[in-house]
Amino acid sequence: MVDLAPFDLLLSVAETGSMGAAARRHGISQPAVSARLRTLEASVGFPLLKRSPRGAHLTDAGALVAHWAQAAVDAAALLDEGLGAVRAEATSRLRVAASLTIAEYLLPRWLIELRTSLPDTTVALTSHNSTDTAEDIRHGTADLGFVEGPTPPPDLDSRDVAHDQLTVVVGRDHPWRRRRRISPAQLAATALVTREQGSGTRTFLEQALKDVGHPACETPALELSSTTAIKNAATQGIAPAVLSSLAVTTELAAGSLTALPVTGLDLHRTLRAVWPANQRLTGPARELLTIAARRRTNRPRH
């Protein structure tokens, strides 16, 4: 691309009739203006200016070049203005996609901190399962995502931001409430109240059971799309549920749900931020990732 700065200097000299005035307009020295215009004349191959003690004026050829350059310089200014507007929009709006557990129990405090550090940022949050969150990143409909699956999506960049533990819970009237613990085999053979396929929690549980020799799990008693609905179903005794420890703190304290340890089954998991591969995060997305990673919780102990 042609460097338009010397042509802009030429237009300023034509308008002001002076190298010094052009220099002041552009915030550079008069010798710098003179040197750049001589370089431009050498580049085009003919004189553009008539220099005299009284100032500088365009040659006939210089007037023709200035006429052509005006449209290009104006177009470049319009382009720069448009790019600036896009940059301003990009740095004031953040699209976030997150799995339900992270959206409900972790993101609110991260977003409060983001609001403090970047008060002019508008956040658009989409909450659904981890599979759909990853798809949002792939399709460019979200700038930053947060997922719960057992492994990070291999085609996306990722960073660990929190630790969590899944907890088996039952209602007051469920027969398991009197047990001190259950086995992985019992859990795999039991119809649970669970999320839909693609949920990070469900995918993690199925993989954990598979790792200890239970590749086939019982068909769910009920598939529900929200954590609150699952907790209500478990509380009413429909079936056990496996939920994030973050989601059942209040119910366990109130006694409406009871937690059951599972012998020989590791239900600790890592929660991750994801974004397009080989893309450097900037602006609000980078700030939110920094906040999430800085506030990483220690692995829960139960």
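Which element gives the most to the lining of the second largest cavity? I looked, and α9 does, with three residues.

Ground rules first. I'm working on a predicted model, where local features need pLDDT of at least 70, side-chain atom pairs count only at pLDDT 80 or more, and totals for chains, interfaces and linings use all residues. I number residues from 1 along each chain as its sequence is written, and side-chain values use heavy atoms, with hydrogens and water left out.

Cavities. I found two of 30 Å³ or more. A cavity here is a set of points, on a 1 Å grid over the protein atoms alone, where a 1.4 Å probe fits but cannot get out; lining residues have an atom within 4 Å of a point. Volume is the space filled by probe spheres set on the points, which are joined across faces, edges and corners.

I listed Leu192, Val193, Thr194, Thr201, Arg202, Leu205 and Val242 as its lining. β7 (193–194) and α9 (200–211) each supply at least two of the lining residues; helices (H or I, at least four residues) and strands (E, at least two) are DSSP runs, numbered from the N terminus.

The largest is about 50 Å³, lined by Thr101, Arg195, Thr201, Thr227, Leu243, Ser244 and Ala247.

Helix pair. I checked α1 (residues 5–16) against α2 (residues 19–26): the angle is about 125 degrees and the axes are 8 Å apart. Axes are lines fitted to C-alpha atoms, for helices over the stretch in contact, with angles from 0 to 180 degrees between N-to-C directions. Among the residues of α1 that meet α2, I noted Asp8 and Leu9; contact means heavy atoms within 4.5 Å.

Notes:
On a 1 Å grid over the protein atoms alone, a cavity is a set of points where a 1.4 Å probe fits but cannot get out, and a pocket is an open set with protein on both sides within 12 Å along at least five of seven lines; lining residues have an atom within 4 Å of a point.
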